[in-house]
Amino acid sequence: MVAFPTDAWFQALIALIGDSASYREAAANWEGDIAFLIEAEPDRGLPQDAWGRLDLWHGECRGGGVVTPERGRAAAYVIRAPYSRWKEVVTGDLDPIKGMMQGKLKVEGDLPTIVREVRAASELVELTQQIRTEFPDEA
Amino acid sequence: MRAVVFDGVGRVRVDVVSDPVVEEPGDAVLRLTCAAICGSDLHFFHGKAPMSPGEGIGHEAVGVVEEVGDAVTRFAPGDRVVVAFDIVCGACWFCERGQTQLCEDFRNLGAGAFGGGLAGAQAERLRVPVADVNLLGIPHGVTDEAAVFVGDVLTTGWYAASIAGIGPQDTVAVVGVGPVGYCTVQAALTRGPRQVLALDRDPARLALAAAAGAVPIDVTARHPVTAVAEVTGGRGADIVIEAVGHPDAFDTAADVARRGATVVVVGMYTGETVSMQLGVWWARAIDLRFSGVCPVHAWWEGAMAELEAGRLDPMPLVSHRLPLAQAAHGYDLFDRREATKVLLVP
């Protein structure tokens, strides 16, 4: 089991992205790093905000992991939501594109560009579901 | 007479100033019996809004009419009255339609040049222009201390809840339960919604809101989005009233609202900015309503009637009663959030 949202969890995702031909194809046109702000929910085991980042480039992930808030805010795109929302994304209960359009996931960056990448987002979510994830409110 | 005046950023003092007199035929001069420190006084106290040292401050007061000008018809010496915090003409296109906050001659008491240079209401006496419009009589059964709230925060809460269009099945989230938010909670509850949620970070304010009948949500312990989602079937609140006036509160209000919600912003803003994805707001079909300053003249009779009937009760807010001479101490207490509401007795 890998704890979410730790650096080990992001490294597991990066490894899966590297092995995924379907993600490579779906995200062939994507350029730009994405930061994920997982907002604290002390009552659910996440006492402080956590920032993750993926450097995504034409179907590959060139690096990433847990980063400082300063590094996260410098990303081309920042997506933020409470921990519970991210958990819904990782478990497949919330479609991230719908979540962005409904304001459940808040995007800083060019929204039309990111919501066009429906297939890439879907592939990413499927990859997260391959990680045997341990959530802080279930630990 | 003595009056509280601005003394530079973070300071007020009590000065001896000239007694007010009737200057215009529509004026009344009051002997004040109670004044209050308002959250918007802190905008001047903090230097966020312009004010020069020596200018009078304060806009919440009640008193007794001492003298009236020739054109005043509704009031006479000896009448107990509450003062509107915003001073309007009562005759322009906007005033005739009840939108007195948009008056062509809009002024604020105790707001320096920003408010039209009128004296402050934290004083022993006060000149009130266009008295027939800017004063309201106090019923026998209402105390001065309770009535002082009708001139501003109680009526502002009543107004916010009224324009929000609260229905019986609605979940109402009030973001920020300081004095205006607290009064908004009470006013919202009179509309019979399914529930009223009070979001704040201050335990004392949350306790007051809970005692009034709201469900308290401590946003330092719970993420507001998750907490509101839990009690609304995952949707978010039907009605959100932002009663703080800070970009973080505005963000919270937007975040806890369900799709198709009404968001009323009653908190006061000056130069703040926020970043919004307009496409998301459009897709969410959010009905966003900026209240502006409360058009108190159009709503205060209703608020006074609710107060007299006991359905609204601002008195739990009062944490301190101080003599006017201790106004500086009152400001410090209020600024440090060690007081929920400070009354000053001239």
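Trainee: How many residues does the contact take from chain B and from chain A?
Mentor: Keep in mind that this is a predicted model, where local features need pLDDT of at least 70, side-chain atom pairs count only at pLDDT 80 or more, and totals for chains, interfaces and linings use all residues. Residues are numbered from 1 along each chain as its sequence is written, with chains lettered from A and ligands numbered from 1 in the order in which they are written. Two residues are in contact if their C-beta atoms, placed from the backbone, lie within 7 Å. On that basis chain B gives 11 residues, and chain A gives 11 residues.

Trainee: Which element gives the largest share of the side of chain B that touches chain A?
Mentor: Helices are DSSP runs (H or I, at least four residues), strands are E runs of at least two, and both are numbered from the N terminus. Two or more residues come from each of α8 (224-230) and α10 (278-283) of chain B. The largest share, 3 residues, belongs to α10(B).

Trainee: Which residue stands opposite Leu199(B)?
Mentor: Strand β11 (residues 195-200) of chain B runs parallel to β12(B), joined to it by 4 bridges. The residue in β12(B) opposite Leu199(B) is Ile217(B).

Definitions and conventions: Pairing = 2+ DSSP bridges.
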